[in-house]
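The structure comes first, then the notes.

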Amino acid sequence: GLGNALFRSGKIDAAMVHCRRAVELDPNYSVAYACLGFGYLFDYQNRWSDDPDSSLPIAKQYARQAIEKDPNEPLARCVSALAASYEKDLDRAKAEIEVALKLNPSLALAHNLRGTFWTFAGQPLEAIPEIEQAMRLDPAFRPQFLHFLGIAYLLAGKYETAAAMLRQRILLVPNTDFSRAVLAATL
C-alpha cells in the first residue's frame, strides 16, 4: 500500500505525489495523511529541502489529521510517535507506540520505533529484541532496521556486534552516510 511505497521508495517525491492524490480521492483515508506526515518527518530528519525545520510542524498536522480520520490506524499512531520523539515528548511517543502495537502487534515499524525509543531512553538491551522482531516481521525492510540495531548494540557496549550490523547495513545501502558515522564511532 501507500505506506510501503513511501518507506521503501528512494523516490520520496514520487511517493508524496501518490499520497496527495490519495487524499484528493478519499479525504478520509488516514494512511495517506500518515504517509504525508512521514514524508515531512523524513525531510526534517534528513534535511532534504531548503527549509527542513518547517517540515516538523507540517508533519505534526498530518499526524493529527491521520488520527482524526481513523484513531485505530496504527500508521497514524506511528507517525504521531515519531513526531513526538523529535519534539522530545517521550511520554507521548511511548504512548503512541503502545497504541500502534495494540492495534497491530505485527507492525514491524512500530516494533522498530519501540526499540529505537528504548535505545535512546538509555535501555538499549530492551531495544535489541524489539528491533530484531521488526526484522523478522518485515525482512524487506532489514537494511533500515540494521542501522537502528547497530546503534542499540553500540550503546549497549557490544561493539563487535554493532560493527557487524552496521557493516551489513552499509553493504546493503552503500550510499548511507549516517551508518558510516555510527560505524566510525563504534570502531
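Contact here means heavy atoms within 4.5 Å. The model is predicted. By that contact criterion, and leaving aside neighbours within four places in sequence, Arg 114 touches Ile 97, Glu 98, Leu 101 and Glu 130.

- Arg 114 belongs to helix 7, which spans residues 108–120.
- Its relative accessibility is 17%, so Arg 114 counts as buried.
- A salt bridge joins the side chains of Arg 114 and Glu 130, at 2.8 Å from N to O.
- This pair links distant parts of the chain, 16 residues apart, with Arg 114 in helix 7 and Glu 130 in helix 8 (residues 124–137).
- Arg 114 and Glu 130 are both buried.
- Through shared partners, salt bridges connect Glu 98, Arg 114 and Glu 130 in one network.

**Other salt bridges**
- The whole structure contains seven salt bridges.
- One of them pairs Arg 21 with Glu 24, with the closest N and O atoms 3.2 Å apart.
- Both residues of the Arg 21 and Glu 24 pair lie in helix 2 (residues 12–25), three residues apart, or about one turn of the helix.
- Arg 21 is partly exposed at 44% relative accessibility, while Glu 24 is exposed at 56%.
- Asp 89 and Arg 92 form another, with the closest N and O atoms 3.7 Å apart.
- Asp 89 is partly exposed at 31% relative accessibility, and Arg 92 is partly exposed at 31%.

**Helix 5 against helix 7**
- The axes of helix 5 (residues 74–86) and helix 7 come within 10 Å and cross at roughly 25°, which means the two helices are roughly parallel.
- The crossing of helix 5 past helix 7 is left-handed.
- Leu 75, Cys 78 and Leu 82 of helix 5 meet Leu 109, Ala 110 and Leu 113 of helix 7.
- The residues of this contact are six nonpolar, no polar and no charged.

Technical notes: Residues are numbered from 1 along each chain as its sequence is written. This is a predicted model: local features need pLDDT of at least 70, side-chain atom pairs count only at pLDDT 80 or more; totals for chains, interfaces and linings use all residues. Side-chain values use heavy atoms; hydrogens and water are left out. Helices (H or I, at least four residues) and strands (E, at least two) are DSSP runs, numbered from the N terminus. Buried means under 20% relative accessible area, exposed over 50%, partly exposed in between (1.4 Å probe, protein chains only). Axes are lines fitted to C-alpha atoms, for helices over the stretch in contact, and angles run from 0 to 180 degrees between N-to-C directions. Angles under 35 degrees count as roughly parallel, over 145 as roughly antiparallel, 65 to 115 as roughly perpendicular and the rest as oblique. A crossing is left-handed if the near helix is turned anticlockwise from the far one by less than a right angle, and right-handed if clockwise. Ala, Val, Leu, Ile, Met, Phe, Trp, Tyr, Cys and Pro count as nonpolar, Asp, Glu, Lys and Arg as charged, and the others, Gly among them, as polar. A salt bridge is a side-chain nitrogen of Lys or Arg within 4 Å of a carboxyl oxygen of Asp or Glu.
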